Amino acid sequence: MPRKMRQLLWPFLAMLALSIALQAASLAAMLEIEARVDQSQQHVAAAAALGTIVDQFENTTYLALVGLASSDWELLLRQRGAAQTQAQRFMAVSNALLQGDKSGGGALPLNGIQEPEILGVLGTLPGLWEKTHAAHVRVLRSENRSLKNNPDLEQFRAASRSLSGALDDVSVLLQRRSQEELRQLGLVQRIIPVGAFLLTLVIFVFVIQRMLLPFVASTEELGLSEAALRRARDELERRVAERTEELARANEALRQAHDGLELRVKERTQELKDTQRRAVELARQAGMAELATNVLHNVGNVLNSINTSATVLGERLRALRLQSLLKLAGVLEERRADLPAFMTADERGRRLPEFLGKLGENLSSDRDEMLSMTDSLHRHVEHIRMIVELQQSYATSSSLVEPASLEELLEDALRINGAALGRHGITLERHVMPLPRMMVDKHKLLQILLNLISNAKYALNNNPPGERRLTVKLEHPADNRIRVQVCDNGMGIAPELLTKIFQHGFTTRKEGHGFGLHSCAIAARSMEGSLGVHSDGPGKGATFTLELPFRPETGAQDSAPRASG
């Protein structure tokens, strides 16, 4: 748009906007004054209604007094009910005038009054009404039931006249305000047409002098501008063509760089996959070694128990009282010829039955103890066999996802560590939720459980006997997750070590190698789970939490078992 046109258009638009604003303001003012006039008329009507209510209330009081004097109880009750209705109506309309209650007591849609003079007079109405109502009550309760020379009735009339006078004042003030607003409305109605005509005339003159006359000259300038515009367009097209060619060359170079980058990304991705596969394989080997070490350790614990039981059994056998039995046999052999006399006359013969009884009791007690030790040896040998069978059963299913019971896996891990837990005097608590069989890598899960239980056992070594507690929990906190927790009340973990405990080579035990928890964390991630730890600090125990995806056996029957690594 040419500069001159803009210079002309803005003043024109400003005057047009001013005209519209003036018209809108005038219309709004007229509507506001009309609304205020309507409100004033409603207020006048409300004041008149209050005066009517007061007159009706006064008549009702006279009629009620007449009914009371003539013992016309029906008339009395009817007028008392009417008086209560009139009182409620008076309070509703007066409150509407004072507070702007739009319900208006159910008859008049009122808005509040803002003039202090009118509000001052209206403020006296509730007090005057209370006086009038109180005088009404005294009239009906008075012993004097005459319509003449009745002091209570005179007080009622005086209060009623005061109230009516106040209402007359309110009506006068409201009518005066209504007349003033009507005058303002008439003034606005006269001014609006004159102002609109003058503004229209100014706009017309402005359009003639400033817009129509310069139009011819502007047309010539427009032609020159079009020619300059065509030249500028041709120059722009030339520059666009040059820029397009430059962009094409840059795009080709970018495509070649992108192809090279894709090739490098593929090579790097393959290297990362190979590295991850090697890491998983190393973790599996470390887990198998950890499982074998754990099994051998528990077998060693059972063998220690077998060695102890065998040593005690040998000592008991060597302590048997066989020499006394052999001496007794020799004495009986010497006295075979006069055995009856020996049994009756000789003091040693008379004590022989008592001696044989005590010897039999001792031999019977020794036999029971040796039988108990023999049973213990059998149990320990059976425990070793069970541990070896469990290790073989899990070793054959390594790296295979198959249906398994988590409760059984947890119990197998506890049975493998059972001898060590019992020898250390550890109290075991189970909180196991029954779950359906689910698809899981049993070897990896058993590796994690054995490592966590073994670590908890070592963490309890410093606790006094009787205060070593190990808690195992199996929970199902969400529809798609299961949680296994191993908790102990042992040595605990310092806060600065919580972030390092799963690192490769990190350990807090002198004989530890730092592979166990690291391989367990890798095994948990390979099963799409996680392994975490929480501890409130040294001496406050620790809780290891394993979370795995919950894949029930029924949800995995449509597909064959897959390798997890």
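## Two helices side by side

Helix α2 (residues 73-99) packs against helix α3 (residues 116-141) at an angle of about 170°, and their axes are 10 Å apart. Angles over 145 degrees count as roughly antiparallel, and α2 and α3 are therefore roughly antiparallel to each other. Keep in mind as you look at this pair that the model is predicted.

Which residues of α2 and α3 meet? From α2 come Arg80, Ala83, Ala87, Phe90, Met91, Leu97 and Leu98. On the α3 side, their partners are Leu119, Leu122, Gly123, Leu125, Pro126, Trp129, His133, His136 and Leu140.

Now turn to helix α4, which spans residues 151-212 and includes phenylalanine 197. Is phenylalanine 197 buried or exposed? Its relative accessibility is 57%, and exposed means over 50%, so phenylalanine 197 counts as exposed.

Phe197 also belongs to a nonpolar surface patch of about 470 Å².

## The chain as a whole

Stepping back, you will find 13 helices and 7 strands in the secondary structure of the chain. The chain has 565 residues, and 35% of them are buried.

How much accessible surface does the chain have? The total comes to about 33,800 Å², and carbon and sulfur atoms account for 58% of that area.

Contacts can also be sorted by separation in sequence. Taking those in the chain between residues at least 6 apart, 76% join residues at least 24 apart.

Notes. Residues are numbered from 1 along each chain as its sequence is written. This is a predicted model: local features need pLDDT of at least 70, side-chain atom pairs count only at pLDDT 80 or more; totals for chains, interfaces and linings use all residues. Side-chain values use heavy atoms; hydrogens and water are left out. Patches are made of residues with over 30% relative accessible area and no salt bridge: like charges are joined within 9 Å, nonpolar side chains (Val, Leu, Ile, Met, Phe, Trp, Tyr) within 5 Å. Accessible areas come from the Shrake-Rupley method with a 1.4 Å probe; for residues, only the protein chains shown count as cover. A salt bridge is a side-chain nitrogen of Lys or Arg within 4 Å of a carboxyl oxygen of Asp or Glu. Helices (H or I, at least four residues) and strands (E, at least two) are DSSP runs, numbered from the N terminus. Buried means under 20% relative accessible area, exposed over 50%, partly exposed in between (1.4 Å probe, protein chains only). Axes are lines fitted to C-alpha atoms, for helices over the stretch in contact, and angles run from 0 to 180 degrees between N-to-C directions. Angles under 35 degrees count as roughly parallel, over 145 as roughly antiparallel, 65 to 115 as roughly perpendicular and the rest as oblique. Contact means heavy atoms within 4.5 Å.
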